[in-house]
Amino acid sequence: MQKITSDIFWVGASDRRIALFENLFPLTNGVSYNSYLILDEKTALLDTVDVGVTRPYIENVAGVLDGRDLDYLILHHMEPDHCANIEAITELYPNAKLVGNNKTFEFLEQFYGDHLKDRYVEVTEGSELDLGKHKLTFVCTPMVHWPEVLMSYESTEKIFFTADAFGTFGALSGNLFDDEMDFKGIYLDEARRYYSNIVGKFGRPVQSALKKAKDLSIDMIAPLHGPILRENIDLMLEKYELWSNYQPEVKGVVLAYGSMYGNTAYAVDLLANMLSERGVKDIRVYDVSKTDVSYMISDIFKYSNIVLASATYNAGLYPKMKALVDDMAALNLQNRNYSIIGNGTWMTAASKIMTETMESMRNMTQIGDTLELKSRIIPEQMKDLEKLADDIVASLK
Ligand code: FEO
């Protein structure tokens, strides 16, 4: 636990043992579950934490309350990484009211039943909760990242509690504030991976939330995961503007290949070298069989161009490449340049499936001609690869 202002405390916890967030996304340095406790004439706890860190959380809450009762538990988000301790808190603090909207309570009852019904305090857009010196104004931000999500603005300290928005993967290391650490070096890439994979699909709802944020004077953004922002508020608002509009941050090329025996991989490495020779600085090459899809999605959100190269498999698309292109479509990716290299020995289907998937997405532009390999790239095709490199470079201008 740690003070973030004289009366507001961080009472969250970091889980460094967790391997997969949502049992899906690899974590190399865990994740934090943030919860905040306001001590005023009334006391308010903002969200709970994941079941994996119940014990430190409960001790943090009790430590900060130091014998005081809890008046309110505010539920910004009903995903279990934040709501798993509602029952533990309501048992420990039987007078605590639960603050949420109608959807919050619908989901609460789905997870835990309706035995807490008499404690509900329902809020809507603009509702204010008066705690004494501190006042929380609620902002409805559905689909950032579930339909019930609320954010709240504390007007005395100018803190915006933003639920999942502006969160990052990565445990906290004692320092809570972005200006106490190398935020860009340690957390920015993980903020992008978190955004693109968790919230990426919901660009339009994020845009609506950003519009509401523009009306607020914000000194601090306090998300449910990762560092509290003081220094990088404008930077992260700019990133969210780009990401939610599916606009690339950088003109550069992500090359992802699915290759069984190295032949498709070799063609991609040749192309990457040709791009380098033509002066391209931002190049990322990924083997879809080795790199978790979430890292490739993150870079695909960052860069302007994608090269997809894949072997044909079972008369279809190599499964790991299929997972990548399907994920791009599921996350609503738009506004990218893409190039296609297909490979097959006795049948070619990969390029057709990759192209169809890219064409199903909004404002995706194919750069260069599709290059079809039969088992390997042959010397006669080197000029085609050179031409593809020229076309990609031209598209980066
Ligand atoms: Fe951190 Fe959507 O939960």
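A search of the whole structure turns up zero disulfides, a disulfide being a pair of cysteine sulfur atoms within 2.5 Å. Cys 83 is in none, and its nearest cysteine sulfur, that of Cys 140, lies 18 Å away. Cys 140 is likewise in no disulfide. Cys 83 is buried, at 0% relative accessible area (buried means under 20%, exposed over 50%, partly exposed in between, with a 1.4 Å probe and protein chains only).

This is a predicted model, where local features need pLDDT of at least 70, side-chain atom pairs count only at pLDDT 80 or more, and totals for chains, interfaces and linings use all residues. Residues are numbered from 1 along each chain as its sequence is written, and side-chain values use heavy atoms, without hydrogens and water.

Next, a helix pair. Helix α9 (residues 263–277) packs on helix α13 (residues 382–396) at about 50°, with axes 9 Å apart. Axes are lines fitted to C-alpha atoms, for helices over the stretch in contact, and angles run from 0 to 180 degrees between N-to-C directions. Helices are DSSP runs of H or I with at least four residues; strands are E runs of at least two, and both are numbered from the N terminus. The α9 residues in the contact (heavy atoms within 4.5 Å) are Ala 267, Leu 270, Leu 271, Met 274 and Leu 275.

Last, Asp 130. It sits in strand β12 (residues 128–130). At 43% relative accessibility, Asp 130 is partly exposed. Leaving aside neighbours within four places in sequence, Asp 130 is in contact with Lys 42 and Lys 135. Its C-alpha atom is 52 Å from that of Tyr 338, 208 residues apart along the chain.
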